[in-house]
Amino acid sequence: MVNVAESSQGIDAGKKIKGRKRHLITDTLGLVLAVLVTAANVHDTVGGKYLPDDLAARHPSVVKIWADGGYQSSIFNHGADHGIDVGVVQRTRTKGFEPLPKRWVIERTFGWLMQHRRLHPGR
């Protein structure tokens, strides 16, 4: 069993989890274009500052992305700096899991990633 260093982990009080957060940008098929892994206690706005920079450097033809509302203004400002139009996909207030049309692509990608045991250091 392999454990990760405490310095790369954190506690997300909102979700009550300890570990890491994965911030992703995918294409419409769910293929990963940009990724940032942070400690769980790092807020989404911090991840939102760095992802558009990486996306613009690696994929300059991308001009539109959809983001979760949790990223707030950080991703809008940095996206605009690179000529990327950022739209927000708001979550529904219903109970249970009901993916939104633009949101299901990223949820499916996270599902694919979570199936691989190498991404889970505690297994």
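Reader: What makes up the secondary structure of the protein chain?

Author: You'll find three helices and five strands. Starting at the N terminus, the order is β-β-β-α-β-α-β-α. Keep in mind that this is a predicted model.

Reader: How confident is the predictor in the protein chain, and where is confidence lowest and highest?

Author: The mean pLDDT is 77, on a scale from 0 to 100, and 70% of the residues reach 70 or more. Strand S1 (residues 10-12) has the lowest confidence, with a mean of 60, while strand S3 (residues 32-39) has the highest, at 87.

Reader: Why are H1 and H2 called roughly parallel?

Author: Look at the angle: helix H1 (residues 44-58) and helix H2 (residues 72-81) pack at about 15°. Angles under 35 degrees count as roughly parallel, so H1 and H2 get that label. Their axes are 7 Å apart, and the crossing of the two is right-handed.

Reader: Which residues of H1 and H2 meet?

Author: From H1 you have Thr45, Gly48, Lys49, Pro52 and Asp53. They meet Gln72, Ser74, Ile75, His78 and Gly79 in H2. Sorted by class, that contact has two nonpolar, six polar and two charged residues.

Reader: Now for threonine 26. Is threonine 26 buried or exposed, and how do you know?

Author: Its relative accessible area is 18%. Buried means under 20%, so threonine 26 is buried. Across the chain, buried residues make up 33% of the 123 residues.

Reader: Where is threonine 26 found, and what does threonine 26 touch?

Author: Threonine 26 is found in strand S2 (residues 17-26). Leaving out residues up to four places away in sequence, threonine 26 touches Leu31, Val32, Leu33, Val105, Ile106 and Thr109.

Reader: How far apart are threonine 26 and isoleucine 65, in sequence and in space?

Author: Along the sequence, threonine 26 and isoleucine 65 are 39 residues apart. In space, the C-alpha to C-alpha distance is 8.9 Å. As for contacts in the whole chain, take those between residues at least 6 apart in sequence: 42% of them join residues at least 24 apart.

Key: Residues are numbered from 1 along each chain as its sequence is written. This is a predicted model: local features need pLDDT of at least 70, side-chain atom pairs count only at pLDDT 80 or more; totals for chains, interfaces and linings use all residues. Side-chain values use heavy atoms; hydrogens and water are left out. Axes are lines fitted to C-alpha atoms, for helices over the stretch in contact, and angles run from 0 to 180 degrees between N-to-C directions. Helices (H or I, at least four residues) and strands (E, at least two) are DSSP runs, numbered from the N terminus. Angles under 35 degrees count as roughly parallel, over 145 as roughly antiparallel, 65 to 115 as roughly perpendicular and the rest as oblique. A crossing is left-handed if the near helix is turned anticlockwise from the far one by less than a right angle, and right-handed if clockwise. Contact means heavy atoms within 4.5 Å. Ala, Val, Leu, Ile, Met, Phe, Trp, Tyr, Cys and Pro count as nonpolar, Asp, Glu, Lys and Arg as charged, and the others, Gly among them, as polar. Buried means under 20% relative accessible area, exposed over 50%, partly exposed in between (1.4 Å probe, protein chains only).
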